[in-house]
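Have the sequence and the 3D view open while you read.

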Amino acid sequence: MVSFRLAALFLLAASEAESYVARSPFLARSRCRGAIHHMVATSDVATADPIVYPLYGPRTAPADLQVPPAVREGGAGVDAGALPCPAFTPGDADPSGYLGAREDCWNASCKDWPDVIAVPACAEDVRAVVAAAAGRRVAVLSGGHSPMCMPDGAFLISLRQMNGVVVDAEAMTVTAGGGAKIGEVDAALKPFNFAVPLGTHPDTGIGGLTLGGGIGWLTPRVGLAIDNLVSAEVVLADGSQVTASESSHSDLYWALRGGGGNFGVVVSFTYKVYAIGGADGFEPGTVLGGIVPFDPENFDRATVIEKYGADTLATDKDNVQMLLLPNGGPPISVFTHHGTAKEANAALEDLGTGYGKTPPPKDGVKPITWTDGVQTLTALGDPNGPGDLLAPGNPFYYTAGFANDITPQLSAFLAKAQVDAVTKTGIHDGGAIVIMPLAGPFNDVPPASTAVSARGAKFWVVFLLRLEGNEEERA
């Protein structure tokens with residue numbers, strides 16, 4: 001059972017998490033000019049048991065992994081050498097490049113066997129690859145978290161080398177390559193004490209996240225990622241490149257904001273950014289944050305869930321909480337507050353009032369930085385390391401939906417699901433149900449303004465299950 005082990009691990013989130021940055025072996029081979037780059041430092045990729053995956057650098061395939069004989073002919077007829085960038089097929093004499101490129105897929109449950117994996121380093125490369133892929137089934141990998149990022153038989157365009165980030169502090173924008181991850185964007189914004197409304201885990205790619213809408217820690221304050229998308233550079237199916245914005249290709253701009261990735265290959269995104277932290281009593285870049293667990297011996301799960309929902313709707317935009325329901329463990333409020341120290345501490349003091357007979361422990365909450373604190377909370381303070389239950393290379397199943405209210409019936413259902421999960425074969429103890437607040441600017445956007453039309457919803461409920469055992473046990 002997860003029990004309080006998960007709560008204890010969450011306490012690590014207040015400490016600074018080490019980031020692994022590896023210089024790309026492909027960039028030296030690129031002919032690209034004008035590509036987005038940022039300064040990176042080198043670090044040895046840790047190899048340990050369990051495997052530690054770098055946030056940024058290349059991932060190494062298991063030493064005993066082999067290409068199945070049935071897929072070795074998948075890349076036949078593709079002249080990988082004619083492409084202007086590295087490209088790998090399952091039939092390569094040395095399969096290490098192909099197998100290594102597959103490791104960028106986060107979810108082992110959908111890590112299949114593409115016919116080709118092309119790794120462009122700039123928009124010019126992407127245009128050439130798109131032309132070469134004409135007539136084939138094309139898939140695109142940004143950060144590798146989409147269940148559609150590594151399909152069987154596809155001509156896969158992996159954007160991971162297009163991960164540069166440029167900050168325009170005067171315009172309050174950030175432009176990032178289509179293969180960048182949240183952690184890479186956060187690292188570039190950190191010196192400015194800026195934040196961008198992108199997700200909750202640093203390993204997540206910005207591409208799929210944005211094209212799907214982009215719910216994150218800042219959603220209750222400034223809306224979705226798509227609500228803060230200024231423009232996108234897109235390579236279309238005919239190989240042309242266009243800028244999608246309010247004033248240019250506005251129909252494409254509308255579709256990209258929540259409509260998914262079937263409208264072209266987005267090679268860069270430009271977002272609005274926001275100053276973070278620095279309210280009275282806090283240093284710039286710092287907010288009050290941490291975790292508050294509700295021990296099931298003292299609190300009824302369904303009551304905690306229902307009251308969390310009511311309190312979230314009654315609070316202000318500075319008080320942002322996610323409710324985590326780990327399998328078999330305690331409900332956990334993942335608490336952040338963007339107001340002054342006086343306001344934040346008052347909100348923390350009020351948290352849990354009326355939830356049970358005694359107050360929940362709150363010693364896991366303290367001033368934390370945005371990048372190394374808040375943005376690592378869902379990674380248990382150890383992004384992609386052995387302490388991260390969401391680390392890559394594991395099999396996952398997830399589903400999610402909007403909710404207008406956390407009713408007593410929904411609260412009871414979620415509480416029962418949290419308890420029952422540990423009794424189910426094939427479900428790892430590391431899974432969780434997550435309830436994320438949406439009320440605020442998300443609701444102010446007219447439903448027809450973007451491809452995300454459920455603007456009346458107040459919550460996003462996610463079932464994120466880490467699986468274990470064989471395929472039969474996971475079914």
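The side chains of Glu184 and Arg160 meet in a salt bridge, with N and O 3.3 Å apart. (A salt bridge here is a side-chain nitrogen of Lys or Arg within 4 Å of a carboxyl oxygen of Asp or Glu.) This pair links distant parts of the chain: Glu184 sits in helix α4 (residues 182-189), while Arg160 is in the loop between β4 (155-158) and β5 (165-168), 24 residues apart. Helices (H or I, at least four residues) and strands (E, at least two) are DSSP runs, numbered from the N terminus. Both Glu184 and Arg160 are buried, where buried means under 20% relative accessible area, exposed over 50%, and partly exposed in between (1.4 Å probe, protein chains only).

Before going on, keep in mind that this is a predicted model: local features need pLDDT of at least 70, side-chain atom pairs count only at pLDDT 80 or more, and totals for chains, interfaces and linings use all residues. Residues are numbered from 1 along each chain as its sequence is written, and side-chain values use heavy atoms, with hydrogens and water left out.

How many salt bridges does a search of the whole structure find? It turns up eight, and here are some of them:

| Salt bridge | Closest N and O atoms |
|---|---|
| Arg59 and Asp203 | 2.5 Å |
| Glu103 and Lys111 | 3.4 Å |

Take Arg59 and Asp203, whose closest N and O atoms are 2.5 Å apart. Arg59 lies in the loop between α1 (3-10) and β1 (87-88), and Asp203 in the loop between β7 (194-195) and α5 (206-211), so the pair ties together parts that are 144 residues apart in sequence. Arg59 and Asp203 are both buried. They also belong to a network of salt bridges that links Arg59, Lys181 and Asp203.

Now for Glu103 and Lys111: are they buried or exposed? Glu103 counts as buried, at 2% relative accessibility, and Lys111 does too, at 13%.

What about the cysteines? A disulfide is a covalent bond between the sulfur atoms of two cysteines; the cut-off used here is a pair of cysteine sulfur atoms within 2.5 Å. Searching the whole structure gives zero disulfides. Cys110 is in none, as its nearest cysteine sulfur, that of Cys105, is 4.3 Å away. Cys110 is buried, with a relative accessible area of 9%, and Cys149 counts as buried at 1% relative accessibility.
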